[in-house]
Every structure is written in C-alpha cells, then in structure tokens.
Amino acid sequence: MSGLGGLDRPGAPASPGAWDERSEEWLVTETFVAETDVRGNRVDAPPTSQEPTGPRTTAPRPTPTRRTGADPVKALMHRHRDLCERAVDPLEIAAGLEAHGVTDRTAARFLHRDVFSLAEEMYARVARDGETPPGPPPLPAPRARADWILLTLLPGALCAAALTALHLTHGQSRLIAAAAGALAVTLALRAALSRGPLAATHATRPTAARTCWLLVYAVLGDGLLQAAAAGGPDALPTGTADSPWPLTTAPVLALALSCAPAAWCAHVLAVRARRKLSASRALEDFATSVKPLLLGTFALYLGALTALLTLTTTALDEPAAFPQTLTLGALLLLARLLTSHGFTHAPALVLTATVTAEATALTALFTARLPGCAWLATPVQSLLDTWGPAAIPTIACGLGASTLLLHAARTLTRASAHTTADQSW
C-alpha cells in the first residue's frame with residue numbers, strides 16, 4: 001500500500017473478518033458503478049449533438065473502475081469461501097455469517113428477508129457449483145450417554161466418602177484422609193468436566209487454579225476470616241466445626257453432588273437450543289426463544305443446588321450457608337457453560353476478579369496488624385460486623401455470577417453458539 005490514504009479506500013475484502021460498513025460500501029460501489037469512457041463520460045449516456053469548437057485539450061485518462069458483474073451474493077460467497085465449502089447445512093452458514101457480523105438488516109441489502117434465507121441461497125449455490133446432491137442432513141442434537149452421566153455422579157460420591165472418612169478418623173489419620181479425599185475429588189471433577197455437555201470443545205484458558213481456590217475458600221475461608229478478625233488463628237484446623245478455625249464441609253459436598261444436575265441442565269439447554277435453531281427463520285426470533293430457555297435451566301440448577309445444600313447441612317449438622325454457596329454454584333455453572341460453548345475470555349476474567357476479591361479481604365486483615373496499617377482492615381471489618389463472614393464470598397461470587405449471566409444472555413442466545421457438530425458426547 002503506497003501511502004496512508006489507501007487505508008480509507010473501500011476495496012474488495014481479502015480476509016474472513018467481520019462484515020462492516022466499508023464492506024457494504026465496497027459492495028455498493030462495485031455492483032452499481034457505471035463504466036466510463038476515456039473522456040470520463042458515462043457509456044450509457046446519450047451522445048451530444050455537437051461538440052465545442054476551438055482548441056481541443058486532452059483530458060486526463062480516468063482511473064478504470066472495477067466491476068464484479070452485479071452479483072453481490074457471489075461476492076459475499078467469495079469473502080466467506082471457507083465457511084461455504086465446509087458447511088453441511090444452511091444453518092451452519094447462517095451461524096457463521098452471524099459470527100462475522102452479518103445481520104438481518106445486512107441481508108436485506110442482498111434482497112433477502114433474513115440471514116437464514118441468504119444462507120440457504122449461498123448453500124444452494126455451493127451445492128450446485130460443486131455438483132453435490134442437495135438435501136442437507138438435519139442439525140444433530142447431542143444425546144445423553146451413560147459414560148458422562150456416571151462421571152458426573154463420581155465427584156459427589158467420592159466427596160461423601162472423603163467426608164465420612166474425615167469424621168471417623170483422628171490425628172494423623174484424619175490428615176491423610178483429608179489429603180487423599182481432596183485428591184480423589186479433584187481428579188473426579190476433572191474427569192467429569194472432560195466429557196459430556198460441560199466439556200470444553202475449544203482451547204480454553206486455564207482456570208483450574210481459580211476454581212480450586214474458590215472451593216478451598218468455601219471450606220476454610222469463612223472460618224479463617226472470622227479467626228483473623230479476632231486476632232487468630234492460633235492453630236491449624238482440626239477438621240471439626242467447633243475448632244478455633246472451623247471447617248464448613250456441607251457447601252462443598254452440595255457443590256460436588258450438583259455436578260450431575262449441572263451437566264443435565266447443560267444437556268437440556270443444548271438439545272432444546274438445537275431444536276429451536278432448526279425451527280427458527282430469523283436470528284432475532286431464535287435469540288428471543290432461547291433466552292427464556294437459558295434462564296430456566298439456570299433457575300433449575302439453583303433449585304437443585306438449594307435442595308442438595310439443605311440435605312447436606314441436615315446430614316452433617318452444620319449451619320446453613322445458602323447465600324455464599326448459591327452464588328458460588330451460579331458462578332461456576334455459568335463459567336463452565338460459557339467455556340463449553342467456546343467463550344473463554346469472560347469466565348477467566350471474572351473468576352480471576354472473584355479470587356482476587358476474596359484474597360484481598362484475607363490479606364487486608366493480616367496486613368492491618370502491621371504498625372500504621374490498621375486502616376486497611378476497616379472495610380472488611382465493617383462487612384464482618386454487619387453481615388458476618390459470609391458477606392465477602394457472597395458479594396464477590398454474586399457480582400461475578402451477575403456479570404456472567406448478563407454475558408451469557410448475550411452470547412449463548414446466538415445461533416453460532418449452538419451449531420458445533422463435532423461434540424463427542
């Protein structure tokens with residue numbers, strides 16, 4: 001490119017980037033511009049009856065204008081050639097166009113009522129040009145399989161076994177049982193998240209460390225926060241609820257048991273969204289129909305988690321911890337739903353912010369013991385005095401879950417989020 005002026009000159013798109021205003025400007029210019037002759041007059045203009053007399057000056061030769069044959073759909077197909085060639089049905093082309101920024105309003109410029117109609121013509125042209133038989137197969141819906149169903153039940157079973165061993169042992173045996181149980185539950189969670197509707201089908205950002213922190217804080221965080229505010233802790237936790245550093249095991253057991261309903265809710269969301277996508281004729285109609293489905297499955301999981309938490313607190317005879325547990329469960333579910341559909345940036349960012357908030361609260365209490373730093377603990381101490389130690393994780397996880405819910409309502413209602421056909425579950 002010679003000079004900076006070429007940056008704003010509309011030209012034929014040469015990459016599979018988003019469809020923007022300059023692309024539309026190029027389309028209109030290339031499609032409807034008239035050819036000119038060497039004098040700069042329009043070819044289709046009527047000839048003049050007489051020419052001026054006098055000395056004739058030679059006008060500069062205008063720059064020839066390029067044409068595409070007045071076929072804007074063909075130009076769009078050339079721009080998204082890879083998408084059209086690998087698509088197995090028009091729905092995949094429609095989702096790809098949506099992901100690149102083509103909307104129903106843009107489709108109207110191609111004389112189509114919506115993106116689905118435009119995608120059908122593009123798919124028909126590719127099938128005709130490649131001499132492949134028409135009649136695309138229906139969009140496949142994922143099926144429930146016994147392997148991932150059993151894997152989602154494994155974390156809850158191992159967590160219950162580990163807590164049973166923790167209550168039946170003492171001293172060094174209890175420490176060994178706690179370490180072995182934590183390792184077993186971690187491996188079971190990893191296996192459960194590697195298959196099924198909660199599995200990630202794209203390259204993901206590592207969030208295992210953040211998730212482990214949140215789970216460990218659910219067990220030890222409230223007790224440590226309360227002990228630090230009182231000037232402690234003076235000893236390590238003993239694994240009992242009445243120790244100076246008490247443990248809260250009921251929330252973690254409820255979260256481990258909720259892996260099964262979380263996977264089932266994600267499965268229901270995937271199946272129902274595929275069905276709605278096959279029946280939809282416009283992107284806005286699909287988004288409108290999927291949003292209640294997303295909110296319904298989210299509420300269904302929270303109801304299941306509430307029932308499990310009630311059961312575990314009764315069985316383990318521990319105080320109820322509904323606010324912090326429900327917000328943590330909502331945060332983890334939404335983060336995993338977004339990750340499994342390929343949206344990895346927002347979950348990683350929100351989980352990092354939540355972990356940072358909880359770690360900052362603990363750090364502020366311990367740093368306030370240094371000379372001249374007592375003011376650092378004032379905000380945290382005010383929250384503890386007003387709402388207790390549960391306020392810190394509830395606020396941190398609640399804000400994170402609200403952010404991800406708004407993000408999911410915008411991203412998981414797109415057609416492009418539910419057209420992945422290469423899922424192994």
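1. Setting aside neighbours within four places in sequence, Leu404 is in contact (heavy atoms within 4.5 Å) with Leu331, Leu334, Ala335, Leu338, Ala346, Pro347 and Val350.

2. The model is predicted: local features need pLDDT of at least 70 and side-chain atom pairs count only at pLDDT 80 or more, whereas totals for chains, interfaces and linings use all residues. Residues are numbered from 1 along each chain as its sequence is written, and side-chain values use heavy atoms, with hydrogens and water left out.

3. Leu404 is among the residues with the most contacts inside the largest nonpolar core, which has 46 residues; Leu331 is another of them. Such a core is a set of buried Ala, Val, Leu, Ile, Met, Phe, Trp, Tyr and Cys residues joined through side-chain atoms within 4.5 Å. Elements giving two or more residues to this core include helices H7 (146–168), H12 (283–316) and H16 (391–411), as well as H10. H13 provides the largest share, nine residues. Helices are DSSP runs (H or I, at least four residues), numbered from the N terminus.

4. A second, separate core of 24 residues includes Leu76, Ala87, Val102 and Leu118.

5. Helix H10 (residues 250–257) is mostly covered, with seven of its eight residues buried. Buried denotes under 20% relative accessible area, exposed over 50%, and partly exposed in between (1.4 Å probe, protein chains only).

6. Glu92 lies in helix H4 (residues 90–99) and is partly exposed, at a relative accessible area of 21%. Residues up to four places away in sequence not counted, Glu92 touches Leu83, Arg86 and Ala87. The C-alpha atoms of Glu92 and Ala119 are separated by 8.4 Å, at 27 residues apart along the chain.
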